[in-house]
Each structure stands twice: as structure tokens, then as C-alpha cells.
Amino acid sequence: MSAAGATIELALDRRRRNAFIRLVRRPPAALAAGVVLVLVVGAAAAPLVAPYKPNAINFTHLFAPPSATHLFGTDELGRDLLTRVMYGGRTSLEIAAAATLISMIAGTLWGFVAAFRKGWVGETLMRIADAAMGMPVILLGLVLVAAFGASTTSLIVILGCLFAPATARLARSSLLSELQSDYYLAAVSVGASARRIVLGELLPNTLPVLLARATLVAADAIFVEASLSFVGLGVQPPGTSWGTLLQAGYTNLYRSYWYPIFPGLVILVAVLALNILGDNLQRVLDPARA
Amino acid sequence: MTRARRLAAIGVLTICVAAAIASMAAAPSKATARAGTATQSLTSLTGCKASKGTLTYGIAGAGITALDPNTIAFAGQEPLQTLLYDGLTEYNSKMQVVPDLATSWTSSPDLTVWKFKLRQGVRYATGRNFTSTDARANILRVLDPTVASQAQGDLKDIRSVRTNGKWGLIIRLGHPSALLPTALINVKMSDTTNVAALNTTGNGTGPYMVGSFSPGQTLTVVPNPHYWGGTACLAQIDFIREPDTTSMVTDFKAGKLGMVWQVPPADIPAAKTNGSTFLTPSGVSGAHVWEVDTTSPPFNNVLARQALSYAIDRKAMIGAAFFGLGTPSYGNEVISANSLFYDKSLTPYTFNLTKAKQLFAEAGVAPGTTFTYWALAGRRDEWITMAQILQQDLQKIGFNLTIVRSDVSTWLSKFYPAGKSYPGYIIANYFSLPPDPSYAFSQVRFGSCECNWKDPTFEALAEKAIGTPDVAARTKLYYKMEAIESQQSPVMVIAHQTNIVAVQKGITGAWEDAQGNVHLEGARFAS
Amino acid sequence: MLRYLVKRLVTSVFLLVLSSILIFLLLRVIPGDPTITKLGGSIKNVNPRAIEAIRHQLGLDRSLPSQYVHWVGGVLHGNFGRSYFSQFPVTTLVSERIGATLELTILAMLIGLLISVPGAAIGAIWRNRWFDAFLSGFTAIGVATPAFVTGIILIVIFGLKLKLLPTQGYVSFANHPFVSLKTALLPAITLGIAVAAPILRILRASITDVETAPFIRTAEGKGLFRRQVVVRHVLPNAAIPALTTVGVIVGSLLGGAVVVEYVFARPGLGTLMVDSVFQRDYGVLQTLVLLAAAAFIFTSLVVDLLYGVVDPRLRTVRGDE
């Protein structure tokens, strides 16, 4: 490794390491991170900490209001809503996380290839992304769910694919700006290998932008999953997600108005926290772009 | 007695018999013989002097997209059948078959030749006269194999339709049928001179005609100035599509809708506002059913079907999904347990998981088998509540149930039309069953039923029943059919339950028939 | 400039063709058959010949490429086909409903701009911590609340409890302008909030950016009032990056309107779109997607050209996003 490359890398490393500390020092960011953590832990530990079994039907307690025994009340089959919100979180967050991962990997590859392969390959790739982005997300979602069903796996893949084109655009544009930068020109001039440049320099440097994008995609995924649930095309029973709980609550609004409130609030809080986190991450990691 | 007088006597006798059969078919308790003549009070006469007020009618989840009355695809279209159109015959609110565009009818003693006298002075909304040529054209259109008409199955025995002058019609049947006037209710006399425009213009002879139409969203009907039965009572009726049931009930509570159709049982307390009422049909014949494929494993085995029927906790399902509103069908029977044609001695399928498990074992269905429950997305949430109860119960005896909700096109294409194979699927559906057992049974007959069930004895009994004029004799045949249907369990009948329709205070004259169809032709605002 | 314009137009047409092929293939792949949906489950004893007749009538018995070519040929002649279900020409259906969607989106855009631009300006002039926090809260919640949740809350408050505003339907603007706007208000606010939040966010970010620029410090040094600096210098310069966001939002408003129209039972293009997906009304859906794609492509083209007007530097060098 050349001396010039090492210095550049060292400086960037320091910038990244400090970022975490600076992020946590921002009160809204810290709060948002805390909220996300609570939701994730609550969902992950649901089988251990949830007060009831998620699918235990109790005909004597239909639509029970919130009480000491059922903090969030019960649903149309007498099932404990707190338990179901926790289990719903498992599905919603799993879908959001996995869909985000797919969208980030596919989108980054897509965008990088488009950035490197100038000419018709790159051009075509970007135009496909444009065409996909030109179609309303919810429409594509509906069509794809009709095609592949509404299982958790297919929802993950579908949402991942829905968000990939926009990620590809972002990845491409941020890579293109990196390609203009001094350190890239330096690395090229000292004769570093293409793979080394991509993995060692370009990817880490576009990572802040992509990471910020990832939290926003996760928020969007929760959002779109909830929208699909709203027309009955979300996770299938007895599986639950926040979206399906909100939908079921909305249908039973006049039986128990508190039913949709809790799932609705949880969706709101989760999306809010992820958005705040994403914004702050962007500001800390990439001040120039924020 | 001269030959002519003897013929006349036979004719009069047949009129009475036929009309009696027609009316008794629906309500055997009121076995008063009614001749099909124009003298009796007609349901079709409006009795209003002026058209006043606008009635708004809410439909949730889907809108009216087409107006052709003889190729109906959506149950929400049903009110138009009597608003825009007339048939030769129709139901009155007691579900008796009464004259509409036919003023009287007679049949030959062997019930194969039927003569109808048509009403004179009837005009289409365009002003054109309605004659026997139009009646013939509509019946022939319904019988056309390339036209997908809902009435075709019930009329398949018709061999010829001839006009008898401008106001007469002669129909010949291949098999005797005592129920032709009942079957003809569903043939609506649309204007067949322009079939291509029927779906968009809805040209008929009914009390109302199309004012404006935004398919899938809103339909406005206004009085038909050429209507033969008097002045329409309302100045306008708007059919409004609401996105979902909660929005529909919200708008009803806010007073923005005059009537709402298919109110979910869960929303009944909410829909009771400011003195609103619910329509109460004089009988309920519609049923929530689960269809299985009786030609592919595991449900090609009758024991597996019986096992499933025993695994259904009908009482719990009616409690949770219909808030107690519904008649459980313990006999697993398309005929409602409240019907006078229902054989009370049928062995009930009382909820019994031990028995279900045992029968599944006898049928060779191994524990751990997964069934798929196939339902609609965004509509009929009660089906999902029912499914989750079954899911928990099946789990107790070692079986799995995967619940899948799909959009209407995906849902339909899995099992419809009859003849498709769908092994291991349990498909939730709603049968809008005619009150007459012969036509209710036709839902489970071969060629009609998506369950693909074929039982030669049942089919033969069904043919025989249609040609049996004597009600007591026919009822005996129905009992035999019920016994076979119950034992064979081609479809799982959960409960008989009707469409719940809420009406704001001040609206009168609307009624709901036993099939759950709403009749607005006499609706008006109380002055 | 002209060469650039031509190139953009060519790519736009290419994009449109691509979108139409994409949706055409997608629709054919998914399960469900318009023939069966058209028949509906209530028709028993259906004759196979009836199914054949309908398939032929709808042109579904042709091969896929032939169906596509037939459709494109029709489109080129201005014939978009008919709905499989209602039998109305697609152009009639679209023109009947486009008014409701246009009214909603224009009103929503106005409300969105009325909230975001003054909000950002006041924030920049006033520099109050609490107001800043309020704006951040509004953007965060605005971005985080699904439109159907906002919609339901507004329906319950204004429609059911206060009975102030109509909660559903559509009245033509040409016939009753006032009633029409009143009916459109709740859905427009719902969509407006969803539109305002991202614009406000990007505007505030770029205001912070611009404020550090030397020419702002010069302006301040000249002794101009804070208000003058913000309105004359900061806002116009901060508006450039916001323009892209506005462009993207305008382009995707049709998609965003889907849910809002659905919740408020507005007979617009969004509801038509959802219905045609569920019914597999291919012709209607293909036309709508083409329309949505065209709107998206057209607005991004306009935004790109506007960029050239606003920022002359961009006229020669075409930056990538």
C-alpha cells in the first residue's frame, strides 16, 4: 500500500469512528435509537416476555378494553393485543430489515455497475430504474403481491425490489461524485487494483449515504407493508404484523376504538424513530450532503 | 260438458294449481291459492303521486360496473333488477310469485307447455313499446350458450319460445316443471335491440332509469317517465361506492347515506343511530359456506368431508363472526334450518373434535396435513374470524390450516367455474340461495357446484322434484335430497345469514327478500 | 441545449415504451383472468362457449405479442380500448375521473407549499428554538404518518364529530366550485401534509446550507434586515435543491393520491387504478400506468429544464443528479 493511500484511509477511519459518538450526542438521535432498540428487543424477546400466547382464543373476552390483565385490550377473538403487537413487531421488523437489506444490496450493485459501465449498459440500467420509479409504488406492490402471494418471504422480496431502483439511483450518483474526488484520483494514480479501489475506498466512502438511505427504506417498508395490509394483502392470519393489526382494528373501529390505536401508534413511533435516525445519521456521517 | 268448456275448466284448474304451487313453493304455510291475474294488488304499482327526495345508498368495497340484468356478476347490482327492469313474474315481499309484465299464465296438465298473457301499454325508458317479441328475445338470449347468464341453469329445460300475437307467449319444456314462473323471475326484460349498449345504458321497463353512471363509483337513477305502474316515489336514487365498511358506517352515522348494504355484524350497534332501522327479510336463505373439491384428495373421501364438518364449531363462529346473528346449519344443509322444507330429523354435525380426528384417520388423512383456507382480501372479514377458529381447533387434533386472502380475481380463478381441481383447499364463499329448495339445491348440483359433486340419486330426485306439482309430495323428495346432501357433505354450510341493511329514519317502503336482495322500487320518504 | 432536449425526449419515449411493456407483462403473469372475474361467482352453470365468446370479445384469445401490438396500435391512433367490465371506452373513464384527481393533487400541492415555504422562511427569519423544534416535529410526524391514518383521523374529527366538512365523494368544480372545493378539502389536507413534510425537510436543510455561503454573509454585512436577506437571497438559492423534490412529488402524486382517494371515496384515477388491478382490467390499467409514467417523466423533464433557467451553470455541463 502506498503512503498516500494509507493516510487518506486513516483520516476517513477517524471520521467514521467519531461519527457514532457524535450521533449519540444528539438528543433526538439518541432518543430515536433508544426507541428502535426497545421495539427490536420487544419483538425479538416476545416469546419470552409476552404475557399471553399470540393465538390463544378466548371467547369470554372478546373486545375487552385495556385493563391490568390486558394492557392493550383484546381483539375480535379475545386474544391479548399487547402480545399480538409484540409478535406483530417480529414480522413487521423482519420484513422491514430483510427488505432493506435486499434493496440495499441489489440497489448498490445496480447503481455501481451503472456508474462504472458508461455507455449503453449503464444508460439502460438507469432508464429501467427510472421506468420502475415512474410507476406508483402501491400499484406495483398490489400487482406483485397478486403475482407472488402475501407470504412473509414474498413480501420481503417484493418490498426489497420496490425500493431497489431508488437506491440504485442514489448509489450511482454518490459513486459518481466519489469518482471526482481527490482520494480516488490518488488511488488510481498510485496504481491500486480496481477491486481494491471499490471495496477499500469507494464502498466505505459511499456507505454513509447508503446507511442513511437504509434507515429511510426500513421506515418506508413498514409503511408500504401497512398500506398493503390495508387492502387485505399483508401478512396472512394467524401471523400478524403491525399493518394487519391496524387494518383489523380499523375494521372493528366501532366495536372498540382502542383496538386500532395501539398498532397505529407503534407504526407511527417506529417510522418516526427510523426517519429521525436516518436524518441524523446523514448529518453526522456526511455533513456535506445533509 | 262441451269440449270447449271442459278445456276451459282444465285451464282454470291449471291456473289455480300453478299459482298455488308457485306461491306455496316459497311459503307453504300460506297455501292460499292465488290465480295469476292482474286484479290483485301489484308490487309493481308505486302508488305515489309525485317523485320526491334523493335516496343515497352505500355499497362498501366494490361499485356497480355493469347494468346488463341478465349477466349479473356482482351482488351489489341486485337492487337494479327491480328498479330499472321488470320480469314476466316477480316476488312480492312474502316471497310469493306474482305477475309483473305477464298478467296471467296457464300450463298444460303435464306441466310442459306454458302460456303467458303479457301486459299491454308497457314501454321502455326510451319510449319504445314492449311486446312479446321482446319477451321472447330476452328468454332466448338467456338461453344462448355464448351468453353467461345467471338464469340459464334454471331454464335449461326450455325447448321453444313462441310469440302468440303481440301480447302472448308460449313456452315448451323438455321436462315437466311446476316452477317455470319462479325461474322466469330472473329473466329481466331488457331492451335487446341494442345488446352492446345494455351494460352502459341499462334500458328497461322499470320505474326508474339511468340518470348518470360512473362505473365502479356512482350510479344515479331517476324516474322513468314511461313507467306503466305509476309515478316513481323518489326523484333520485344514488348508489355510492364506499371504500370499506368502516367508512360506509361512518358516513351513515353522519347522515350522508340513507341506506347501507352489507353492514358487517360488528357494526350493527354503531349503525343504530337517530332512529335508524334494519330491514328484516321474511326468511333467510343465503348461507356462508366452505367449498371443497370432492373429486381430489383428501376431500374426495366422504369421511374427510364429514370430519371437517364435525371440526366446525358453528356456534362459536356465529358468536364471534356474526355476533350471534345467524342460524347454524348443523345438518350441513343448503336449506336453512328455519325453512319449512328443512327435515328436523337430520343427524346434526355437533362440534366434536374427537370424532373429527377419528373420521380423518378413517379417511386416511394423516395428522400434520396442511389445508389451505382461501378467502377474499379487504372484504368479508368475518370469514377470516371463522377461519382462525377452525385453525385453532384443527391444531388441537394435529392438522394445520394456512389462511390465504387474495384479491377477487385470484380468489375466483382458483375454483371457478365448476370443474376445477383444488386439492386440499377450503374455499370460503357466500351462496345467495333462492327460497325455493329446488333452486337452492341447484347450487350443489353437478355442473353448477364448484365442489364438483356428482350423486346420481340426488340428481334424479332433483329432476323429479321440479316436475312434482304436489307440495307435500315434493317436500318428501326434498327430505330425501337433504338426507343425501347431509350425509355426503359436498359443501360445508356454516350458517344461514342475510345481508344486513340499515335504513335511516324517515325512509319507508324498502324491503329485503329472503335471498338478501334489496328492493327499492317502493322506497320513499315518509311525509 | 436543443440537442439535450431532443436526447431527453427520445429517452422519455423509450422509457414510456419500457414502462408499458413492463406492466403489460406483469399483468399477464399474475394469476386471475378478467374473463372469469367478469363472469363473477354468482353465475352458475357457465357454458364453456360463453367463456370462449367473452375471451374472443375481449381479444384475450390472441397471442401475447399480438395483444401488445394491437394495444399499442390502438394507442397510437388515440384508441385506448374499452374497459372489460363496464364496456365504457377507457378515454371516457379517464376523462370522467381525471378532474377529481387533478383537483385533489393541485389543491394538495398548494396546501403543501403553503405550509412548507412560509414555515421554512419563518424558521429562518425567526430562529426560535421552539419553533424549530415544532417544525422538526411536524416534518417527522408528517413523513411518518401513513396517509390513511391521517385520513381516518380527519374523517372522525371533521366529518363525524364536528360535522363540518364532507368526508366522501366528489362534486365537479365546473358545476359547483364552492361545494367542490369544500368536498376536496379534507383529502387535500391529508395529501397536503404528506407533501409538505418532505419539501419542508429539504428546504430547511438547504437553507442551512445556503446561510453559510459567503454571499449571504456579504448581504448581512451590507446591513440588510434579516427578513430581506432570507426572502431575497436565502430562499431563492435554497429553492434549487428543493425543486427536484417538488418535481419528484408532483410526478408521483398520482400514486400518492391512490390511498387518499381510496379512503375518501373520491372517484379519481387512483380508485380506478386499484379496481382495475383487482379486476384485471388490463386495458384500463395499462393506460393509467402509461399516464402515470408520462406524468412522472414529463415533470422530471420540466424540472431539469427549470434547473437550467434557475442555475445557468447547469446549462452546459449536465451533472448527474
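Predicted model: local features only at pLDDT ≥ 70, side-chain atom pairs only at ≥ 80, totals over all residues.
User: Start with chain A. How many helices and strands?
Analyst: Chain A has 11 helices and zero strands.

User: What does its C-alpha trace span along the principal axes?
Analyst: The C-alpha trace of chain A spans about 75 × 45 × 25 Å. Of the 290 residues in chain A, 52% count as buried.

User: Switching to chains C and B. How many residues are in contact?
Analyst: On chain C, 43 residues are in contact with 42 residues of chain B.

User: Which elements of chain C give two or more residues to that side?
Analyst: They are α2 (34-39), α3 (48-58), α5 (90-126), α7 (147-161), α10 (226-263) and α11 (269-279) of chain C. The largest share, five residues, comes from α11(C).

User: How do the residues on that side of chain C divide?
Analyst: The side of chain C that touches chain B has 19 nonpolar, 16 polar and eight charged residues.

User: Now the sheet in chain B. What is the strand order?
Analyst: The order is β14-β18-β13-β17-β15-β16 (chain B), in an open sheet of six strands with mixed pairing.

User: Why do β14 and β16 of chain B each have one side without a neighbour?
Analyst: β14 (327-328) and β16 (400-406) of chain B stand at the edges and each has a single partner strand, so one side of each has no neighbour in the sheet.

User: How do β14(B) and β18 of chain B run?
Analyst: They run antiparallel, joined by two bridges. B:Pro328 stands opposite B:Ala495 in β18(B).

User: And which strands does helix α11 of chain B lie across?
Analyst: Helix α11 (residues 381-396) of chain B lies across β15 (370-376), β16, β17 (425-431) and β18 of chain B. This helix runs at about 165 degrees to β16(B).

Methods. Residues numbered from 1 in each chain as written. Chains lettered and ligands numbered in written order. Contact = placed C-beta atoms within 7 Å. Helix = DSSP H or I, 4+ residues; strand = E, 2+ residues; numbered from the N terminus. Nonpolar A, V, L, I, M, F, W, Y, C, P; charged D, E, K, R; others polar. Buried ≥ 20, exposed ≤ 12 C-beta atoms within 10 Å, placed from the backbone. Pairing = 2+ DSSP bridges. Axes fitted to C-alpha atoms, helices over the stretch in contact; angles between N-to-C directions.
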